[in-house]
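Me: I am new to reading protein structures and would like to learn what the words stand on. Could we go through one together?

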Amino acid sequence: MSGTGAPQITADGTGLRVVVVAARWHTQVMDGLLTGALAALESAGVEQVRVVQVPGTVELTVAASAAARSGADAVVALGVVIRGGTPHFDYVCQSVTHGLTEVSLRTGVPVGFGVLTCDDEAQALDRAGLPGSRENKGAEAAEAVVGTVVALRALAGGAGSTDRAH
C-alpha cells in the first residue's frame, strides 16, 4: 500500500486560486476523491476553488491546461482508470501522466496528480477517501499541490523560504 511513509503536508493556501478538474467515470470513487480534495483545500485556507468536470480521465489534460492558462495558481486533477482486458489501460495511464506533467512544466502551474490507476475497483475504493478507505488520494493531491505552490514561491524568494546548510 502506497500510504506507508506518506508525508504530512500542511501549507497555508490563503489567497490561492485552485481549479479542480475531475472526471465523471466511476462515480462513487470520484465522489470520494472530489470530497477529499475540497476538504483538504478548505483546511489549507484556500477559498477560491472552481470545480470543472470532464467526461473521462483522458480529458483531464486539456482541462488542466485551460485551467493553468486561466490564471489558476494550481490545478488538482482527479480521475480513475481501472485495468481491463485490453491495452487501453496502459495507453490512458501513460497519456494522462505525461499530459499532466507537460501542463505543469509548460505553464509553471503545479498540477496535483489525483489520478488512480488501479487493477480493480476494490483498489480504487480503498484509495477514494470513502468510509472504510485506507487512503484519501483526492486529499493527498490537493495537499501536495498547495505545498508545491508554497515551495515554488519560497524558491522565488517569497514567503516561507528557508535556507539550509548542507
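Me: What makes residues of H5 such as Lys137 and Gly138 count as buried?
Reply: Buried means under 20% relative accessible area, exposed means over 50%, and partly exposed lies in between (1.4 Å probe, protein chains only). In H5, the residues that are buried are Lys137, Gly138, Ala139, Ala141, Ala142, Val145, Val146, Gly147, Val149 and Ala154. This is a predicted model, where local features need pLDDT of at least 70 and side-chain atom pairs count only at pLDDT 80 or more, while totals for chains, interfaces and linings use all residues. Residues are numbered from 1 along each chain as its sequence is written, and side-chain values use heavy atoms, leaving out hydrogens and water.

Me: What do the buried residues of H5 pack against?
Reply: They pack against helix H1 (27–43), strand E3 (74–82), strand E4 (111–118) and helix H4 (121–127). Contact here means heavy atoms within 4.5 Å. The names come from DSSP runs, numbered from the N terminus: helices are H or I with at least four residues, strands are E with at least two.

Me: Why is the pair Asp126 and Arg134 called a salt bridge?
Reply: The term asks for a side-chain nitrogen of Lys or Arg within 4 Å of a carboxyl oxygen of Asp or Glu. Between Asp126 and Arg134 the closest N and O atoms are 3.0 Å apart, so the pair meets the cut-off. Asp126 is buried at 16% relative accessible area, whereas Arg134, at 58%, is exposed.

Me: What makes Asp90 and Arg83 a salt bridge too, and are they buried or partly exposed?
Reply: Their N to O distance is 3.7 Å, which is within 4 Å, so the name applies. Asp90 has 42% relative accessibility and therefore counts as partly exposed. Arg83, at 39%, is also partly exposed.

Me: Which residues are linked in a network of salt bridges?
Reply: Arg127, Glu135, Lys137 and Glu140 are linked in this way. Within it, Glu135 and Arg127 meet at 3.9 Å, N to O, and both are buried. The structure holds nine salt bridges.

Me: How do you know that E1 and E3 pair?
Reply: Two strands pair if DSSP finds at least two bridges between them. Five bridges join E1 (residues 17–23) to E3, so these parallel strands pass the test. One of the partners is Leu78 in E3, bridged to Ala22. The open sheet of four strands has the order E2-E1-E3-E4, with parallel pairing.

Me: What makes a group of residues a nonpolar core, and which members touch the most others?
Reply: A nonpolar core is a set of buried Ala, Val, Leu, Ile, Met, Phe, Trp, Tyr and Cys residues joined through side-chain atoms within 4.5 Å. The largest has 27 residues, of which Val76 and Leu78 touch the most other members. H1 gives the most to this core, with seven residues.
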